[in-house]
Amino acid sequence: MKSNIVLNKKFAISKIDDRLFGSFIEHLGRAVYGGIFEPGHETADEDGFRQDVLEMVKELQVPVVRYPGGNFVSAYNWEDSIGPVEERPVRLDLAWKSTEPNTVGLNEFAKWAKKADTEVMMAINLGTKGISDARNVVEYCNHPGGSYWSDLRKEHGYEEPHDFKLWCLGNEMDGPWQVGHKSAYEYGRLADEAAKAIKLFDPELELVVCGSSTNQMPTFPEWEREVLEECYDNVDYLSLHIYLKNPENDLETFLASPMGMDDFIDTVTKTCDYVKAKKRSKKTINLSFDEWNVWFHSDEQDQETYKKEPWQVGPPLLEDIYTFEDALVVGGMLNSLIRHSDRVKIGCLAQLVNVIAPIMTENDGTVWKQTIFYPFYYGSRYGRGTALNLQVESPSYDNKTYGSVPYIDATAVCNDEKDELTLFVINRNSKEEMDLEVSLDGFEGYRIVEHALMVHDDIKATNTKDNQNNVVPTEGSGLSVEGGVLKGKLAKLSWNCIRLSK
Ligand code: AHR
């Protein structure tokens, strides 16, 4: 089989916002307690943060981390998480049937984020709380001093404001499971007023309003329309969330499922632009894909945990152990984000540590990289620059859900500052390798500097604490550049990051 790709330096989709490669840490399961924070651990620093985890997080170069939830935030009292640790109340977290000791709160997380070289994307509770709470937390975090909340922060030992720039107006407020779930109109009104108050404090802050929690919700995309009609002028981004699954163990359909993400983004973009037109607005609402991943492996196990022992601190929840095929799908999801980087400006791989995460830890023990770590690592490191508009000619296959699907899924990012061109190419064909030809117009003199290849005989292969390097990228061979054309064979069922430079 043969595929052709035409790429041309002049045909750009968009400059990619670095924040497309963000992630997410929620007070959920062992993300915080036992994940980033474990005071007794042999690598813990003076603040109780695991340095082995920090090092791995830093490898991913995540520019922004969403915090503290997720479903958790919808009944969260941020005030419980500040001040002397011994005086902080212990609360029940209704979203995850867990106990929240509030040992790690917003100041500690800000400290961790600094150590991890990342920014915080702070989510506000618009489930059980409202405008007043929203303005207070922003003032506590961002005002230099001379007001009640900013002086309280100083009293708590944080002289300088945290200066969080990006704020989420609640989480998945369309979801009936959410504490404080609202109708689109109710939420749109509340989001508008909260946004107005925040922008009165600082018009430069960027605000993300909740879109649908998946494109499978019965209210999608009416939710987006109604919400935006209420708050269009005061918000900057609309959120999207998606978790892909393979419940029927159907490889072909699962590999095609990132196409559902393409459709989702296209529909949300059109809905935003419909409201723009209706309002005769000059402003464009961009997208924040602030939860995306594969999530389904741990579902049954989690139900057992809730049944057997609810209300634990840091219970093992959502601990999906990812397979090789999941890594291919995560690679496909990243391609979807890159392809839509003209409108998707923020992305958060959900999540970062232990909870549906690329990084896993053992309490009081080791840390390791899941299979999905690697496509994200390469995407984050080499997907910065300008996304190019590719012409891809590929044979395709039919599957139940997505119709005719090309075997080849490809994106390319050009980084002028570094004179680099990077291609992310997936061969979804499980039976045959693919002959590939890519014409590299505008990249004269470029040669291959790295070909990272993920391929495995066993699609269900995983990395575990005892076998940490079972699924890792290797150096690919068999590709070359001749006369401005990249040529060679792509292994069957493979993810490839092909880096070229002068
Ligand atoms: O990331 C796990 C959960 O998925 C989040 O808490 C919620 O927002 C989503 O449903």
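I looked up the side chain of Arg-153 and found one of its polar atoms 3.3 Å from the backbone oxygen of Glu-159. The model I am reading is a predicted one.

I placed Arg-153 in helix α4, which covers residues 148-155. I then checked its charge partners: Arg-153 is buried but has no salt bridge. The nearest side chain of opposite charge is that of Glu-159, 6.7 Å away. I listed the contacts of Arg-153, leaving out residues up to four places away in sequence; among them are Asn-107, Glu-139, Tyr-140, His-143, Tyr-158, Glu-160 and His-162.

Next I went through the backbone. Most peptide bonds are trans, and most residues other than glycine have a negative phi. I noted the exceptions below.

I found a cis peptide bond between Gly-69 and Gly-70, with omega about 15 degrees. Gly-70 sits in the loop between β4 (64-67) and β5 (91-93). I also recorded a cis bond from Ala-350 to Gln-351, where omega is near 0 degrees. Gln-351 belongs to the loop between β12 (344-350) and β13 (359-361).

I then turned to positive phi. Asn-102, not a glycine, has a phi of about 60 degrees. I located Asn-102 in the loop between β6 (98-100) and α2 (106-115), and its relative accessible area is 1%, so I logged Asn-102 as buried. For Ile-356 I read a positive phi near 35 degrees. Ile-356 is in the loop between β12 and β13. I logged Ile-356 as buried too, with a relative accessible area of 1%.

Conventions: Residues are numbered from 1 along each chain as its sequence is written. This is a predicted model: local features need pLDDT of at least 70, side-chain atom pairs count only at pLDDT 80 or more; totals for chains, interfaces and linings use all residues. Side-chain values use heavy atoms; hydrogens and water are left out. Helices (H or I, at least four residues) and strands (E, at least two) are DSSP runs, numbered from the N terminus. Buried means under 20% relative accessible area, exposed over 50%, partly exposed in between (1.4 Å probe, protein chains only). Lys and Arg count as positive and Asp and Glu as negative; His and the chain ends are not counted. A salt bridge is a side-chain nitrogen of Lys or Arg within 4 Å of a carboxyl oxygen of Asp or Glu. A polar contact is a pair of N or O atoms within 3.5 Å; within protein, one must be able to donate a hydrogen and the other to accept it, and residues adjacent in sequence count only if both atoms are side-chain atoms. Contact means heavy atoms within 4.5 Å.
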